[in-house]
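Trainee: I would like to take a close look at a single part of this protein, and then see how that part sits among its surroundings. Could you walk me through it slowly?

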Amino acid sequence: MDRPIRRLPEVVIGRVAAGEVVERPSSVLKELVENALDAGGTEIHMSFRRAGKDSIAVSDNGSGMGPEDVPMAVERHATSKIECFEDLDRIGTFGFRGEALPSIGSVSRLTIRTRRAADELGTELVVDDGIPKGKRPCAMASGTTVRVEHLFQSVPARRKFLKTDQTESNHMVEVARLFALARPDVAFRMRRDGRDVFSAAAGERLGRIRQLWGSCIGDTLQQFSFAGDEIRGEAFTSGQHMPAELTRSQMIFFVNGRCVRSNDLSSWMGEAFAKFFTKKRPLHCFLFLIIPQSQIDINVHPAKMEVRFSRRAALRELLLHAFGEHFASLGKSIWSAPPAETDLHSKNFCGSSEEFGCPEEFSKNGGAMDVNWGQPAPQGVKTSSRGPKAMGWRYVAMFDRRCALLSSGNGIVFFDVGAAAAHLADKKLRKEISAAGNRQRLLAPIAIDLSAAGGGSEKLDGKIRELGEMGFSAAKAGEESISVAEIPQWLDGRRCEMFIWRWLSGNGSGHPCDAEVAKAAVGGETQLSPWGESEVLNLLDALLSDGDAPPHLYFEISRGEVARRLANFGNCQIHGVLGD
């Protein structure tokens, strides 16, 4: 059927354009915060109700607008950011198209209140479904407040495709966190349904990561800077093993203060990390780049979330070199796979001492190692009737940072000290929890942000009650955060946040010692501790004296089997180990 071409009405044009800019409530928040930062705001307050569907408001103390500029601000393609085509090559602001406010106003009720510092009164303008309702003077402090109400009221089909309130709220909080991280020099505050989500004073970037992502992530990060070829960068990368159940891998990129998605950056970071990390390990990287505007193109996505680089090869080379130098300076050993993944039962022991990770003594004299078993146990080693000394076991060496080798009358015993320490710590923790010990008051309450755990306010209330039953004194400190003033006597205060995180990651069900939670209470990385002869023998003595040691914690290889497996070593001799 033939249809003539018609010019669309302005209202329809506005709503079609809004579909590109306003995808969901968090898109509105993003555009409003960008305008606040472009106006020079140093204090930005954000609030929303019912996941942004009822209202979204952003206030700033920036430059504000005069009465003559306010009507222009809601006209399409009216902007103060650029004047000519050449300005697109040197964009230094978040916004520049002049589409955000008109698009938002076309699918909501938009109220703008603004005042310049030099003006006596401010100006208020209301736009309802794309139609300006006139402006009027108003009394207010200098700066700008933009309120968006009844989002998608005129396009109910758009509301139908929004996610649950919890999901949309999480998107809102994530947008706010990313802006707060991009601009640590600006103070941010966010409220949800009348309750504080977070409040971040101006400060330094690493402190803001700790505040908004939690110290369990922030404390693991290594910071370094680099520069070259007109490009400057700063990075915060995972610095030690992080529990996989606490967070997924996350790489966040900022280019000239703007959070962006980039397949190039993701690929290059993956290439850099692959040389030092295993795929099973959760990774975090916060990357901040300052690149000349002429070398990037930010005008490739309606929401300005993607970026292209004109000098891709040079940037890739710079990043790979910078990250490679950083990781090399830390030493590759600390970036290897977590020791817990080692399979002691299936390891092929035919190989060099370097492959074993054995101490230097094994490499001397062609692999020979003299052991004098006539010496008494080192000072400080406890013994019992069922301990290693009574069983005729003698310490030989450590390898792989968690496995001890001991000599027995019949062969070599392999003892998993990391798992043994965790087993004993778990039993001790269960006993102390059952005894309902006294609480210990912290010097200062610990604020723990649990927004990433999800679940909403009702779930948080329930978990606070359960924490109280476990010996904590906790209270809500915001919509998705808690404040802990007292902790159980059995818990190391330095690991309070990690304990609660791991407990919640398991949905807070079952005994608090289940899974990895016990490790968080007593020191989750016990297998990484430096184990010496005294420590190993004391641990083994405590384990064997316990009477119910799990059989998987140690196993023995006979003298004949060791000799057969070591046959490939050629001249390798181990004097005294097997008791010739």
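Trainee: Which residues in α2 are buried?

Mentor: Please keep in mind from the start that this is a predicted model. In α2, the buried residues are Pro 25, Ser 26, Ser 27, Val 28, Leu 29, Lys 30, Glu 31, Leu 32, Val 33, Glu 34, Ala 36 and Leu 37. That list makes twelve of the 14 residues of α2, and the helix is accordingly described as mostly covered. From its first C-alpha to its last, α2 reaches 20 Å, which is close to the 20 Å expected at 1.5 Å a residue. Just after α2 comes Gly 40, which takes a positive phi of about 85°.

Ser 27 is found in helix α2, which covers residues 25-38, and Ser 27 counts as buried because its relative accessible area is 13%, while the cut-off for buried is under 20%. A polar atom of the Ser 27 side chain lies 3.3 Å from the backbone nitrogen of Glu 23.

Leu 32 is among the residues touched by Val 146, together with Ile 56, Ala 57, Val 58, Leu 101, Leu 110, Thr 111 and Ile 112, when residues up to four places away in sequence are not counted. Val 146 is found in strand β6, and Val 146 counts as buried because its relative accessibility is 9%. Val 146 and Leu 101 are 45 residues apart in sequence, yet their C-alpha atoms are 9.5 Å apart in space.

If we follow β6 (143-149) onward, we come to the loop between this strand and α5 (156-160), where His 150 has its place. His 150 has a positive phi of about 55° although it is not a glycine, and Phe 152, which lies in the loop between β6 and α5, also has a positive phi, near 65°. These values deserve a second look, because most residues other than glycine have a negative phi. In accessibility, His 150 counts as partly exposed at 40%, whereas Phe 152 is buried, with a relative accessible area of 1%.

Phe 188 belongs to the largest nonpolar core, which has 74 residues, and Phe 188, Met 46, Phe 198 and Phe 472 are the ones that touch the most other members. The largest share of this core, nine residues, comes from helix α6 (residues 165-182). A second, separate core has 29 residues, including Ala 235, Cys 285, Leu 318 and Phe 323. In soluble globular proteins, nonpolar side chains tend to be buried together.

Helix α6 has 18 residues and reaches 26 Å from its first C-alpha to its last, close to the 26 Å expected at 1.5 Å a residue.

To finish, let us step back to the whole protein. Its secondary structure comes to 17 helices and 22 strands, and buried residues make up 47% of its 580 residues. Among contacts between residues at least 6 apart in sequence, 68% join residues at least 24 apart. As for the confidence of the prediction, the average pLDDT is 75, and 67% of the residues score at least 70. Over residues 243-247 the pLDDT is below 50, and this stretch has 15 contacts in the model beyond near neighbours in sequence. Residues 522-528 likewise have a pLDDT under 50, and for them the model has 19 contacts beyond four places in sequence.

Note on methods. Residues are numbered from 1 along each chain as its sequence is written. This is a predicted model: local features need pLDDT of at least 70, side-chain atom pairs count only at pLDDT 80 or more; totals for chains, interfaces and linings use all residues. Side-chain values use heavy atoms; hydrogens and water are left out. Helices (H or I, at least four residues) and strands (E, at least two) are DSSP runs, numbered from the N terminus. Buried means under 20% relative accessible area, exposed over 50%, partly exposed in between (1.4 Å probe, protein chains only). A polar contact is a pair of N or O atoms within 3.5 Å; within protein, one must be able to donate a hydrogen and the other to accept it, and residues adjacent in sequence count only if both atoms are side-chain atoms. A nonpolar core is a set of buried Ala, Val, Leu, Ile, Met, Phe, Trp, Tyr and Cys residues joined through side-chain atoms within 4.5 Å. pLDDT is the predictor's confidence in each residue, from 0 to 100. Contact means heavy atoms within 4.5 Å. The expected span of a helix is 1.5 Å times one less than its number of residues.
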